[in-house]
Amino acid sequence: MTFLVDHIYYIGCFGLILIGMYIILAKSNLIKVIIGLSILDTGVNLLLIAIGYINGGTAPIFSRPGIEANGMVDPVPQALVLTAIVIGVAVLALALSLAIRLYRHYGTLNLRKIKGQKW
Amino acid sequence: MVNPVLLIAVPLGLAFSIPLFGFISRRIEKYIPVAGMLFNLVLSIILVPKVLQSPIVISIGGFRPPFCINLVAGTVGVFLSVVIAAMGFLVSIYSLSYIKEGATEKYHMLFLLLLTGATGVVLTGDIFNLFVFYEILCISSYALVAYPGSREGIEAGVKYLIQGALGSSLVLIAIALIYGQFGTLNMADIARNISSIHSMNIFLPFVLLIGGLGIEAAIFPLNAWLPDAHSSAPSSISAILSGIAIKIGVYAIARMVFTVFGISDTFLFLVTLGLITLLVGELSAFKQQNIKRMLAYSSIGQIGLIVFALGIATPGGVAGGLFQILSHALSKGLLFLAVGYMIYRTGSMEISSLAGMGKRMPFTSLAFTVGAFSLVGLPPFIGFSSKFMVIKAAMAKGSAIFVVLAALVLFAAIIEGAYFFRVVQIIYFKKSDNALKREEAPPTAIIPIAILVTLIIVIGIYPNFLIGLLNSAGSEFLNRVQYIRGVLG
């Protein structure tokens, strides 16, 4: 039980990552695949945050007296997540705009029916 | 003092100013990538003699290296940035008249961003910064593959995007795990501390990094997107994707394996993987009827050869791998540029429709032949010197297994010869039904093609002036202690 309490963030984010990967691999609708990519991204961002987090930590700013350096969370992963979110949004926007164009060409979003390119 | 930051900052700034220039005049926007890449080419060549003495380490933000984002312009980085800038410059000249339809300012902007991302990856010394530049490269290449808006282009773009985005997520997970264990993102700092961690704990990030970066590098089981993407993109973009983008994936893998992790157990794995990629790529290329698809599969094969050469992990092998990167960039770039106007004239990508091209477009056909012979590895061209170097390094390894592997590499070269000679034969000797009117490509295409042909022949005849640079680059990869000391002081 203590294992679960200690590692709940990691279990949660790897759960999200695996759910995202499952959706990308198993679903045939392009929109669902894009949702899977988004869930995967969220899982990765959560992992980054969880790595820098300590229980009951505060922002690393000496805003009021009595704050000690060892009670602060690591700010670097949060900066990384900010960048990763922006990149994720760009990929998602591009994917959705390509999905619209794909639907105009093929009249379907079912990836199993889109076989214009021979393998 | 020339600052390597400018190699990234100037093209990035120019890329985002292209829409602004478009407001002033629609004419000048297409000359901006030419200007940006010419600047990068000149600057990188100026940097070459300096980095041959010692690598230039630039700290951004005024902190000392482990605490800041740093750029490491070593010989590998500057060598690859010369290759990127040279190919970018030639292809941007080619694009001046080749790209006419659609949103041209977006094309030129994405093109410059792609090259900025590639330059950033090879120059950075920070693992997360590498990821960011890698994403700039990937996102602009997804958009450029889908740029023509055709049925095939959009489908290939979607495939590429899904696989590429999955790969980047794997890289980010690996970065998170590495940061969790080392508390640093600086590649030299990670490399210094990697031996203090139990090897089981770095196994997962290592596998995720190789898998994630391997998708962009199109190593064998991860290469499903490449033939579609490279054959549906406009030919100028295919030249950049084949010549530059996949090499960046290989560079990133090599940097991780050699410098950051320094695991010598994986070299034989890399050699095998490279060889499988080589054989699969060449065998698939052999049965293609579509010329651009054939060239795309041949790129997979060549990537396999580069990975094979890097996996030999002797100074000669790594130098041969880097030489092969240059040789493939020049030859495949030339082939795609030449084929671009052949397809434009015939309106078909089938190999059989190229019949009679030898009379219709004599210079372009000659250039295609030079590129094909160079890729196969015939003597006066650059491909011969680079393949010779790789085979020599494999034989110098001395063990029986490497002799067998080198024999398989030569076998792949025979397959390569078979399909390239077939195309050359169709171009020159097959009778065509159409009227044989001479219509050569426009001068903006002839100039870059002629420069590439000259480079292929000149470097092929006299490869020695590159040997010093290549050996120095090879030792940068193999000597991690020197790299760590160079960055952290």
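Helices are DSSP runs of at least four residues, numbered from the N terminus. The structure discussed here is a predicted model.

Me: In which helix of chain B is B:Phe477 found?
Reply: Helix H19 of chain B covers residues 464-478. The position of B:Phe477 falls in that run, so the helix is H19.

Me: Is B:Phe477 buried or exposed?
Reply: A residue counts as buried if 20 or more other C-beta atoms lie within 10 Å of its own. B:Phe477 has 24 such atoms within 10 Å. Therefore B:Phe477 is buried.

Me: Where is B:Lys30 found, and is it buried or exposed?
Reply: B:Lys30 is in the loop between helix H1 (5-24) and helix H2 (32-53) of chain B. It has 21 C-beta neighbours inside 10 Å, so B:Lys30 counts as buried.

Me: How many Å apart in space are B:Lys30 and B:His108, C-alpha to C-alpha?
Reply: B:Lys30 touches B:Leu96, B:Thr104 and B:His108, not counting residues up to four places away in sequence. In sequence, B:Lys30 and B:His108 are 78 residues apart. In space, the C-alpha atoms of B:Lys30 and B:His108 are apart by 6.3 Å.

Me: Is H12(B) roughly parallel or antiparallel to H13(B)?
Reply: The axes of helix H12 (residues 291-312) and helix H13 (residues 315-346) of chain B come within 8 Å and cross at roughly 170°. Angles over 145 degrees count as roughly antiparallel. H12(B) is therefore, relative to H13(B), roughly antiparallel.

Me: How many nonpolar residues does the contact of H12(B) with H13(B) have?
Reply: Among the residues that meet are B:Leu295 and B:Ile306 in H12(B), and B:Val318 and B:Leu335 in H13(B). By class, the contact has seven polar and two charged residues, and the number of nonpolar residues is twelve.

Me: Which helix supplies the largest share of the side of chain B that touches chain A?
Reply: In total, 26 residues of chain B are in contact with 27 residues of chain A. Helix H5 (127-145) and helix H6 (151-182) of chain B each supply at least two residues of that side of chain B. The largest share is 17 residues, and it comes from H6(B).

Me: What is the radius of gyration of chain A?
Reply: Chain A has four helices and zero strands. Its C-alpha atoms fill a box of roughly 65 × 35 × 20 Å along the principal axes, and 25% of its 119 residues count as buried. A compact globule of 119 residues would have a radius of gyration near 14 Å, but the value for chain A is 20 Å.

Conventions:
Residues are numbered from 1 along each chain as its sequence is written. Chains are lettered from A and ligands numbered from 1 in the order in which they are written. This is a predicted model: local features need pLDDT of at least 70, side-chain atom pairs count only at pLDDT 80 or more; totals for chains, interfaces and linings use all residues. A residue is buried if 20 or more other C-beta atoms lie within 10 Å of its own, exposed if 12 or fewer, and partly exposed in between; C-beta atoms are placed from the backbone. Two residues are in contact if their C-beta atoms, placed from the backbone, lie within 7 Å. Axes are lines fitted to C-alpha atoms, for helices over the stretch in contact, and angles run from 0 to 180 degrees between N-to-C directions. Angles under 35 degrees count as roughly parallel, over 145 as roughly antiparallel, 65 to 115 as roughly perpendicular and the rest as oblique. Ala, Val, Leu, Ile, Met, Phe, Trp, Tyr, Cys and Pro count as nonpolar, Asp, Glu, Lys and Arg as charged, and the others, Gly among them, as polar. The radius of gyration is taken over C-alpha atoms; the globule rule is 2.2 Å times the number of residues to the power 0.38.
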